[in-house]
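Trainee: Could we walk through this structure together? I would like to learn how to read it step by step.

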Amino acid sequence: MGNFLFIPIAFVALIILFKFFFIVKQQTAVAVERFGKFHSIRSSGLQMKIPLVDRIAGRLSLKIQQLDVIVETKTLDDVFVKLKVSVQYVVIREKVYEAFYQLEYPHDQITSYVFDVVRAEVPKMKLDDVFVKKDDIAIAVKSELQDAMLDYGFDIIKTLVTDIDPDAQVKAAMNRINASEREKIAAQFEGDAQRILIVEKAKAEAESKRLQGQGIADQRREIARGLEESVEVLNKVGINSQEASALIVVTQHYDTLQAIGEETDTNLILLPNSPQAGSDMLNNMVASFTASNQIGEAMKRKQNQKDSENS
């Protein structure tokens, strides 16, 4: 009978013995209460407590944790935008008591401060400035949280503004503005390219005209030289200058008719083709030159007369 009683008693004693000990994991803190009152904070390793007297009130992780908070607010230019703020925090080892007993829901407390700071800072900025100064917003959030949460046993490691999401219509408008700016720049580049082409083309045409005029002048100079040589040759064989000029005009006249006749695609041109035509053209030219010289001399005499009267 005694052996049968020993077994239950030994089993209960073993259970009570196990209740004396508990294990705390690495990077974890355990709050132990005695009769409902705080007794001690236990760190990692094998720990002991008195069964039925001491109890584990709770465990706190000492690792760095992250809380993501999404805040919707309005900018200075009346654009609604959603910001995602990531808060990285850790429980201070020396202040585990404050972190466990002073705050019931630390996540809600941190979230409230994030909302308060973001909704105080973003309405001061335009939408473009929110993107540019997101680091300033993160610094403001960390500064506010650090001052508030330090007394509760939490250390704010870093705050980050990880996402800025304007309204869909605003994003579409921003994309259109960006596309328009790029099209404007592209049009400016195309206009500059066309202007350069026009300038270069004008320079090329000017150079071409200059060379063409120089070529025509050289051509006429050579023609005049050839005519002079022809007249000299004809004078040597007893043909005077007037007859030589008539002969040259007639020859060039028929050369012209021959050149026109050789071109199959040439438009219809009516020219006199009698031998007398060349002589008539020469006489007309000589008469025109003579009349022009007479008119010039008359104008010169008249001008000289006016000058003498004025003096």
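Predicted model: local features only at pLDDT ≥ 70, side-chain atom pairs only at ≥ 80, totals over all residues.

Trainee: Of the contacts with a separation of 6 or more, what percentage comes from residues 24 or more positions apart?

Mentor: As background, the protein has 8 helices and 8 strands, and 22% of its 311 residues count as buried. Among contacts with a separation of 6 or more, the share from residues 24 or more positions apart is 63%.

Trainee: Which element gives the largest share of the largest nonpolar core?

Mentor: That core has 33 residues, and L83, I110, V114, V118, I137, V141 and L145 are those with the most contacts inside it. Two or more residues come from each of β6 (65-74), β7 (80-91), α2 (96-101), α3 (106-121), α4 (127-132), α5 (134-149) and β8 (154-166). The largest share, 6 residues, is given by β7.

Trainee: Leaving aside neighbours within four places in sequence, which residues does V114 contact?

Mentor: V114 is one of the residues with the most contacts inside the core. Once its neighbours within four places in sequence are set aside, the partners of V114 are V69, V71, V85, V87, V141 and L145.

Trainee: How are α3 and α5 oriented: roughly parallel, roughly antiparallel, roughly perpendicular or oblique?

Mentor: Residues Q109, I110, Y113, V114, V117, V118 and E121 in α3 meet I137, A140, V141, E144, L145, A148 and M149 in α5. The axes come within 9 Å and cross at roughly 140°. Roughly antiparallel would need an angle over 145 degrees and roughly perpendicular 65 to 115, so α3 is, relative to α5, oblique.

Trainee: And is the crossing of α3 and α5 left-handed or right-handed?

Mentor: We already have the axes within 9 Å of each other. As α3 passes α5, the crossing is right-handed.

Trainee: Let us turn to the rings. What kind of aromatic pair do F38 and Y97 form?

Mentor: A pair of aromatic rings is described by the distance of the centres and the angle of the planes. F38, in strand β3 (residues 37-42), and Y97, in helix α2, are 59 residues apart and link distant parts of the chain. Their rings are 4.9 Å centre to centre, with 65° between the planes. Planes over 60 degrees apart count as edge-to-face, so the F38 and Y97 pair is edge-to-face.

Trainee: Which residues do ring pairs link into a cluster with F38?

Mentor: The structure holds 5 aromatic pairs. Another edge-to-face one is formed by F100 and Y101, at 4.9 Å centre to centre and 80° between the planes. Ring pairs link F38 into a cluster with Y97, F100 and Y101.

Trainee: Is F100 buried, partly exposed or exposed?

Mentor: Buried means under 20% relative accessible area and exposed means over 50%. F100 has a relative accessible area of 23%, so F100 is partly exposed.

Trainee: One last topic, the backbone. Where does F35 lie, given its positive phi of about 55°?

Mentor: F35 is not a glycine, yet its phi is positive. Q27 also has a positive phi, near 60°, and is found in the loop between β1 (21-24) and β2 (28-34). F35 is exposed, with a relative accessible area of 67%. Its place is the loop between β2 and β3.

Methods. Residues numbered from 1 in each chain as written. Heavy atoms only, no water. Core = buried A, V, L, I, M, F, W, Y, C linked by side-chain atoms within 4.5 Å. Buried < 20%, exposed > 50% of the residue type's maximum accessible area, 1.4 Å probe, protein only. Helix = DSSP H or I, 4+ residues; strand = E, 2+ residues; numbered from the N terminus. Contact = heavy atoms within 4.5 Å. Phe/Tyr/Trp six-rings, centres within 6.5 Å; stacked < 30°, edge-to-face > 60°. Axes fitted to C-alpha atoms, helices over the stretch in contact; angles between N-to-C directions. Parallel < 35°, antiparallel > 145°, perpendicular 65-115°, else oblique. Left-handed = near helix turned anticlockwise from the far one by under 90°.
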